[in-house]
Amino acid sequence: MTALGVLATGGPCLVQDAGRPGLTTIGVGRSGAADRSSYDLANRLVGNVPGAATLEVTLGGLEVEARDGTVWVAVTGAPVPVTRAGRDEPTGAILALRPGERLRLGVPASGLRSYVAVRGGLGVPPVLGSCSRDTLAGLGPAPLAAGDVVPVGDRVGDEMRVDAVPAQEYGDSPVLRLVRGPRDDWVRDAGALTARRWTVAPDSDRVGIRLAGARLDLCDPSRQLPSEGALRGAIQVPPTGEPVVLGPDHPVTGGYPVVAVVVDHDTDRLAQLRPGDTVGFAWA
């Protein structure tokens, strides 16, 4: 069986697909690719059906080898230096890995997460209908490590119609759109979200991005809120006053007030922010 052998990883390297929609009533979140547009593009480049499993690589460092056959791959998302069989290749190109040839990803100059799609998808067993790794719930395949062998699947849906697409570049300090949250009256001034630039804290992950640099004052810090449904992009304010933007592996409920929500389309850009980056907000 054609497969990818994992020789090295850098940051977390996770199997991700379109996630597990429709299971929140039993306490299971959707999860799935953090940057959905880059994930979808990678699958389209190699002619996979929508929803095929890919690799989500954080800050590069991945090295894989083709085993028992030729593997067609494409890398999208954060623009990483790509080396195939010792030759430099552009991010966004469709590449053929012959048996024994290696693909290496360096550290991206901008952005955080890159996506490696193989033609046919990754042939890993689904859990509750999805191959995605939910880092909060511990569902799905474990993070990849050196020595793992990942089989190539059969989820081909179309021909490969282009050779390459331009690499995505991520500018400094993006401004993301917000809508008002259901609990915006729980803070003294929800408009403070748009009045400054915020810094992504080091302890940010797929569950949530913590914003540092200022605090939002709760009107009544002693007031308790019963748990409510949560969603990707919701901005919660814990008692410390430092906002948290929920990511793809967010819990299905939360007890902190949601004062604003990032417009769904802009959460893909949010997924490419690395610790230390700055971000601004504007009301949609």
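Let's start at V116. V116 touches T54, L55, V57, L62, A74, V75, L103 and L105, leaving aside residues up to four places away in sequence; contact here means heavy atoms within 4.5 Å.

A word on the source. This is a predicted model, where local features need pLDDT of at least 70 and side-chain atom pairs count only at pLDDT 80 or more, while totals for chains, interfaces and linings use all residues. Residues are numbered from 1 along each chain as its sequence is written, and side-chain values use heavy atoms, without hydrogens and water.

Now the cores. The largest nonpolar core has 28 residues, and V116 is among those with the most contacts inside it, as are L55, L62, V71, L103 and L105. By nonpolar core I mean buried Ala, Val, Leu, Ile, Met, Phe, Trp, Tyr and Cys residues joined through side-chain atoms within 4.5 Å. Buried is under 20% relative accessible area, exposed over 50%, partly exposed in between, with a 1.4 Å probe and protein chains only. Strand 5 gives this core the most, three residues. A second, separate core has 21 residues, including A190, L193, L216 and L218.

Next, helix 1, residues 36-45. Its buried residues are S38, Y39, A42, N43 and L45. Helices are DSSP runs of H or I, at least four residues; strands are runs of E, at least two; both are numbered from the N terminus. Strand 5 (71-77) and strand 10 (113-118) are among the elements covering those buried residues. After helix 1 comes G47, with a positive phi near 75°.

Last, cysteines. C131 is buried at 10% relative accessible area; C219 is partly exposed at 37%.
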